[in-house]
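Subject: Structure handover

Hi,

Here is the structure I said I would pass on. Could you have a look at it before reading my notes below?

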Amino acid sequence: DGRIVIAAVRAFAARAVGYEIDPALIRESRTLARAAGVAARTRFAQQDLFALEFGEPSVVTMYLLPEFNLQLRPLLLAQMRPGSRVVSHEWDMGDWRPDETLIVPSVEKPHGTSREHRVMLWWIPAPVAGSWRLPVPEVSFTLTQRLQEVSATASRGRVLWASLRGTELAVAWQDDGAARVVLRGQVS
């Protein structure tokens with residue numbers, strides 16, 4: 001019914017597009033957007049979600065059943081730019097662990113299995129697997145990656161931890177002399 005699109009425009013001054021397969025819900029969404037005074041910054045289109053291109057949006061929000069989230073996941077990962085965000089209300093994306101989860105109690109929630117809203121956020125991960133060489137400190141890292149989960153080994157010293165959030169890569173490293181440093185950078 002357009003409520004996520006309308007909320008995005010109201011709260012964040014975003015341009016927002018809503019896709020729905022049911023023409024009655026498209027009409028309702030347009031009516032609600034006009035009533036909210038945000039019709040000029042919204043667009044609602046009747047379209048199959050699995051035929052969409054996801055290269056342009058920086059944020060995709062979803063309120064879909066789990067099986068549809070899992071069907072959509074490969075399209076989002078393949079088409080969205082690293083650093084873009086995916087937000088799902090209620091249902092996850094299988095073994096793709098969310099980067100953040102927010103749980104909001106709601107005694108008046110009409111649907112779902114519990115009386116709370118669960119909202120999950122994923123950052124589209126940049127591809128970082130492979131060899132990375134840094135001149136200062138002079139060390140090479142080998143990174144392995146599965147979605148946003150990364151691990152690293154170092155040519156000398158030892159890796160304490162590694163993390164990836166969208167395009168931000170961080171590696172905590174300890175040299176042989178016990179000095180510790182956190183290396184951070186943007187992947188482009």
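First, the ground rules. This is a predicted model, where local features need pLDDT of at least 70 and side-chain atom pairs count only at pLDDT 80 or more, while totals for chains, interfaces and linings use all residues. Residues are numbered from 1 along each chain as its sequence is written, and side-chain values use heavy atoms, with hydrogens and water left out.

**The pocket**

The second largest pocket has a volume of about 170 Å³. (A pocket here is an open set of points on a 1 Å grid over the protein atoms alone, where a 1.4 Å probe fits, with protein on both sides within 12 Å along at least five of seven lines; lining residues have an atom within 4 Å of a point.) Its lining includes Trp-132, Phe-141, Leu-169 and Arg-184. Strand β12 gives the largest share, 4 residues. (Strands are DSSP runs of E, at least two residues; helices are runs of H or I, at least four.) By class, the lining has 8 nonpolar, 2 polar and 1 charged residues.

**Salt bridges**

Arg-184 turns up again here: its side chain meets that of Glu-168 in a salt bridge, 3.5 Å from N to O. (The rule is a side-chain nitrogen of Lys or Arg within 4 Å of a carboxyl oxygen of Asp or Glu.) Glu-168 sits in β11 and Arg-184 in β12, so the pair ties together parts 16 residues apart in sequence. Arg-184 is exposed at 56% relative accessible area, whereas Glu-168 is partly exposed at 35%. (Buried is under 20%, exposed over 50%, partly exposed in between, with a 1.4 Å probe and protein chains only.)

In total, the count comes to 7 salt bridges. Another one joins Arg-73 and Asp-95, with the closest N and O atoms 2.7 Å apart. Arg-73 is in helix α3 and Asp-95 in the loop between β4 and β5, so this pair links parts 22 residues apart in sequence. Arg-73 is buried at 15%, and Asp-95 is partly exposed at 47%.

**Backbone angles**

Which residues other than glycine have a positive phi? Glu-90 has one of about 85°, and Ala-178 has one near 80°. Glu-90 lies in the loop between β4 and β5 and is buried, at 7%. Ala-178 is in the loop between β11 and β12 and is partly exposed, at 48%.

Leu-65 is in the loop between β3 and α3, and is partly exposed at 39%.

Cheers

Definitions and conventions: Points joined across faces, edges and corners; volume = space filled by probe spheres on them. Nonpolar A, V, L, I, M, F, W, Y, C, P; charged D, E, K, R; others polar.
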